[in-house]
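Hi everyone, thanks for coming along. I'd like to walk you through one model today, so let me put it on the screen.

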Amino acid sequence: MVQSMLIDRFHITNHFETHELPLYLLEIAKGGLKCRRDTTSKPAIADPSRPRFRWSSAPAPPPPPPGWHPPSPSEQKTLMQSLHLRTKGWPFWLVVAMLSHQPELLGRPVIDKTGLEGAYDCEMNWSQAGSDGTGQFFFTAVRDQLGLTLHPSKGPVEVLVIDSISLPSGN
């Protein structure tokens, strides 16, 4: 739906290309994996590469509660001081997806080279750089608490290229 709206309103044309870009390779650290394999949970979330049903439009999320406001810069700094991740029976691809969306990775994709499949229980606490937190920083916490390493590398990444776009047309 969004794609057709962009084409109709903005006359957008685009294509995909593969570029050699910076990325991170996720591997098991020398000390071994510290996440425990969960054999008791049934997978709650299916692997997105194997769709089993058709997606339908979801209802809109509820509005924020009365009096809610985005955190101020000082509140944001406090929130960044101590971050916590706990997975219980998460499929490993979801653990990788969560790690790949952390701001410390500067938007670089994460390529899973661990070979792990199935569900895992993981726990990690860290502080973001620039905060007053006392926890380990992200890369150290990934290594010491999860038993994984993120190695900077370069590799093929699919990117969206906008060929042309116009000012929006009227409704």
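Let's start with the rings. Searching the whole structure turns up four aromatic pairs; rings of Phe, Tyr and Trp (for Trp, its six-membered ring) pair if their centres lie within 6.5 Å, and planes under 30 degrees apart count as stacked, over 60 as edge-to-face and the rest as tilted. Take W126 and F138: their ring centres are 5.8 Å apart and the planes meet at 65 degrees, so this pair is edge-to-face. It links distant parts of the chain, with W126 in strand 5 and F138 in helix 4 (residues 138-146), 12 residues apart. Helices (H or I, at least four residues) and strands (E, at least two) are DSSP runs, numbered from the N terminus.

Next, F138 and F139 have ring centres 5.6 Å apart and planes at 80 degrees, so they are edge-to-face too.

F139, at 33%, counts as partly exposed. For the cut-offs, buried means under 20% relative accessible area, exposed over 50%, and partly exposed in between, with a 1.4 Å probe and protein chains only. Together with Y24, the residues W126, F138 and F139 are linked by ring pairs into a cluster.

Before going on, a word on the ground rules. This is a predicted model, where local features need pLDDT of at least 70 and side-chain atom pairs count only at pLDDT 80 or more, while totals for chains, interfaces and linings use all residues. Residues are numbered from 1 along each chain as its sequence is written, and side-chain values use heavy atoms, leaving out hydrogens and water.

Now the core. F138 turns up again here: the largest nonpolar core has 23 residues, and those with the most contacts inside it are L26, F92, L99, M124, F138 and L150. Such a core is a set of buried Ala, Val, Leu, Ile, Met, Phe, Trp, Tyr and Cys residues joined through side-chain atoms within 4.5 Å. Which element gives the largest share of this core? That is helix 3, with five residues. As for F92, not counting residues up to four places away in sequence, its contacts (heavy atoms within 4.5 Å) include L26, Y120 and L148.

Three strands form an open, antiparallel sheet in the order 2-5-3; two strands pair if DSSP finds at least two bridges between them. Strand 2 (36-37) and strand 3 (83-91) are at the edges with a single partner strand each, so one side of each has no neighbour in the sheet. Two bridges join strand 2 to strand 5 (residues 119-126), and R36 has D121 as its bridge partner in strand 5.

Most residues other than glycine have a negative phi. H11, though, has a positive phi, near 50 degrees, and lies in the loop between helix 1 (2-10) and strand 1 (13-28). L106 also has a positive phi, near 55 degrees, in the loop between helix 3 (92-100) and strand 4 (110-112). H11 is partly exposed at 44%, and L106 is exposed at 67%.
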